[in-house]
Amino acid sequence: MTQALVIKNLKKVYDDGFVALKGVDLEVAKGDFFALLGPNGAGKSTTIGVISSMVRKSAGSVSVFGYDIERDLVRAKRSLGVVPQEFNFNQFEKVADILVSQAGYYGLSARQARPRIEHYLKKLGLWDKRFTQSRMLSGGMKRRLMIARALIHEPELLILDEPTAGVDIELRRSLWEFIKEINDYGTTIILTTHYLEEAEQLCRNIAIIDQGEIVENTSMKRLLSLLQKESFVLDLRQPIEQIPAFSGYKVNKIDSNSLEVEVDKNTGVNDLFRQLSELKIEVASMRNKNNRLEELFVNMTKGALKDESATGGKA
Amino acid sequence: MSGLENEGSRGLPERPQHSEFRYHWVAFVTIFAKEVRRFMRIWPQTLLPPAISMVLYFVIFGAVIGSRIGTMSGFSYMTYVLPGLIMMSVITNSFSNVASSFFSNKFQRSIEEVLISPVPNWIILAGYVLGGVARGVITGAIVMGLGLFFVELEVHDVLVTLLAVVMTATLFALGGFINGVFARKFDDVSIIPTFVLTPMTYLGGVFYSIEILPEFWQKVSMLNPILYQVNTFRYGLLGEAGGLDTRFAFVVMLLAILSLGAYSLHLLKTGRGLRS
């Protein structure tokens with residue numbers, strides 16, 4: 001089966017000598033919902049920049065749906081839609097004009113673009129703003145405009161670089177639904193995000209990039225199974241004065257109404273609840289202390305923060 | 001809901017499959033139309049100023065002091081100066097349009113829209129340059145229209161006139177494109193028009209025939225490319241070329257267009273100031 005994206009030994013050295021990518025290998029299957037995660041300066045944006053031709057690679061190869069970006073750049077670009085991290089549309093143009101132009105770059109005349117513009121603006125809640133100058137839109141609307149713009153030519157591969165940054169929770173969840181729907185129709189999606197909950201909820205496969213190298217590339221399910229220990233918070237019905245002794249679990253008191261319990265993957269929680277029943281401690285609710293992916297991410301990219309200042313924030 | 005409508009089906013018409021020519025044609029029309037829309041939207045900044053300044057030139061050089069100057073190469077001073085003033089508008093407007101539009105798109109990063117898209121570089125260049133030519137030609141037509149209130153004119157050679165305008169506008173639109181690519185801040189977009197184009201235009205035979213200059217300064221003036229464009233256009237309108245060979249002028253313009261066009265494509269290919 002043709003892969004949506006194949007990256008082989010991709011290297012990028014900037015003119016000032018900074019090595020942003022040290023030989024990235026990555027494959028994304030057709031129809032996948034793929035997360036590319038990494039700390040600031042890890043090389044995510046450089047990788048996306050190379051795929052979208054805004055950054056020139058130093059070595060290696062990239063192909064989009066089998067089209068090499070050097071030999072068959074036009075076909076590769078026709079298959080690709082990119083939602084960049086920063087707003088990059090003309091602030092003085094009207095919403096509809098931005099989309100008409102974008103469609104035109106992909107060979108769709110204004111007449112052919114019209115039903116598509118109406119469709120995506122309605123789906124993204126921007127139809128009423130079609131004659132508004134883009135600089136007058138709120139931050140969330142601007143982000144939705146960039147998503148509509150990337151979809152107007154119906155790309156087979158959609159890359160979303162931090163699509164929900166600065167977006168309120170309600171809208172973020174609506175955007176998740178929308179992006180899921182796009183994926184359900186067969187569009188391959190690559191997502192970078194700092195909201196790890198977003199990646200965990202949406203993506204089937206994941207790669208973690210750190211200091212210009214892929215440090216993990218696997219399925220979300222398998223990655224989460226690597227987690228040996230999980231911390232849970234138990235909210236209690238009645239307050240307790242002292243922490244009773246629990247066998248096989250490390251328990252800390254957060255306050256009189258809540259406990260933090262560290263659970264080993266091999267132990268499970270059944271025995272914990274049996275002990276709680278014996279001690280007549282009633283649990284009102286239970287939740288993960290941290291996002292599970294977040295914990296793994298921090299473990300895998302340890303030292304990244306320390307080295308971040310050295311990157312100059314380029315990658 | 002503040003956000004999105006959820007719908008079962010996309011319900012979109014099939015995406016049309018085009019020939020490569022059709023892809024390129026639609027992309028070119030898109031960029032060109034966008035450029036025209038831009039300068040029409042801000043007409044008080046783009047089309048009105050040349051009209052006002054040229055009316056002032058006509059009033060001062062035509063009605064107030066023109067009659068005291070007498071004739072120039074056998075024409076009334078007002079008649080002589082009109083082609084030069086038209087050409088001055090064409091040069092500055094075609095240059096400024098592309099330089100400021102391209103730099104503004106670069107500054108706002110909206111240039112990435114077209115750079116990420118499959119539009120080939122030569123179409124990007126053609127769209128921007130033709131946009132600049134359109135503004136140059138339209139402002140030239142406005143100035144000529146206003147000039148006809150002050151001067152009676154019979155066009156000597158329509159083809160030479162049109163060709164001179166279009167080639168000059170193309171040449172300076174290409175210059176504006178290169179300026180836009182190299183510009184890093186808004187000041188850089190006004191440096192060339194202020195410190196290079198304006199002096200060259202004023203000394204390029206707009207207001208006088210170089211035949212009235214001492215021999216040394218005549219030779220110096222011959223090094224100014226704008227002199228050839230102004231005099232070729234003047235020949236088209238009045239039949240007076242100020243002693244210059246118009247065929248030679250056309251060849252020089254064509255070579256200059258080809259050179260700047262090739263250099264602009266090279267800049268786009270290497271991504272100078274655009275790609276990292």
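Leaving aside its neighbours within four places in sequence, which residues is Gly140(B) in contact with?

Mentor: Some conventions come before the answer. The model is predicted, and local features need pLDDT of at least 70, side-chain atom pairs count only at pLDDT 80 or more, while totals for chains, interfaces and linings use all residues. Residues are numbered from 1 along each chain as its sequence is written, and chains are lettered from A and ligands numbered from 1 in the order in which they are written.

With those sequence neighbours set aside, Gly140(B) touches Ile86(B), Ser89(B), Val90(B) and Val165(B); contact here means C-beta atoms, placed from the backbone, within 7 Å. Gly140(B) belongs to helix H7 (residues 121-147) of chain B. Helices (H or I, at least four residues) and strands (E, at least two) are DSSP runs, numbered from the N terminus. Gly140(B) counts as buried because 25 other C-beta atoms lie within 10 Å. The cut-off for buried is 20 or more such atoms within 10 Å, for exposed 12 or fewer, with partly exposed in between, again using C-beta atoms placed from the backbone. The C-alpha atoms of Gly140(B) and Met54(B) are 10 Å apart, although 86 residues separate the two along the chain.

Another helix of chain B is H5 (residues 77-107), which has 31 residues and spans 44 Å from its first C-alpha to its last, close to the 45 Å expected at 1.5 Å a residue. The expected span is 1.5 Å times one less than the number of residues. H5(B) is mostly covered, with 27 of its 31 residues buried. Arg109(B), with a positive phi near 65°, follows H5(B).

Next, the contact between the chains. Chain A contributes 39 residues to it and chain B 36 residues. On the chain A side, helix H2 (73-78), helix H3 (95-105), helix H4 (110-123) and helix H6 (169-184) each supply at least two residues.

Chain A itself has 11 helices and 14 strands, and 43% of its 315 residues are buried. An automatic or database domain assignment sets the domain bounds, giving domain 1 (3-225) and domain 2 (229-294) in chain A. The centres of domain 1 and domain 2 of chain A, taken over C-alpha atoms, are separated by 40 Å.

Chain A also contains an open sheet of 6 strands in the order S6-S7-S8-S3-S9-S10, with mixed pairing; two strands pair if DSSP finds at least two bridges between them. Strand S6 (80-83) and strand S10 (213-219) of chain A form the edges, each pairing on one side only. S6(A) runs parallel to strand S7 (residues 157-161) of chain A, and 4 bridges join the two. Val82(A) has Ile159(A) in S7(A) as its bridge partner.

S12(A) runs antiparallel to strand S13 (residues 258-264) of chain A, with 5 bridges joining them. The two strands S12(A) and S13(A) form a hairpin with 2 residues between them, and Asp255(A) stands opposite Ser258(A) in S13(A).

Definitions and conventions: Contact = placed C-beta atoms within 7 Å.
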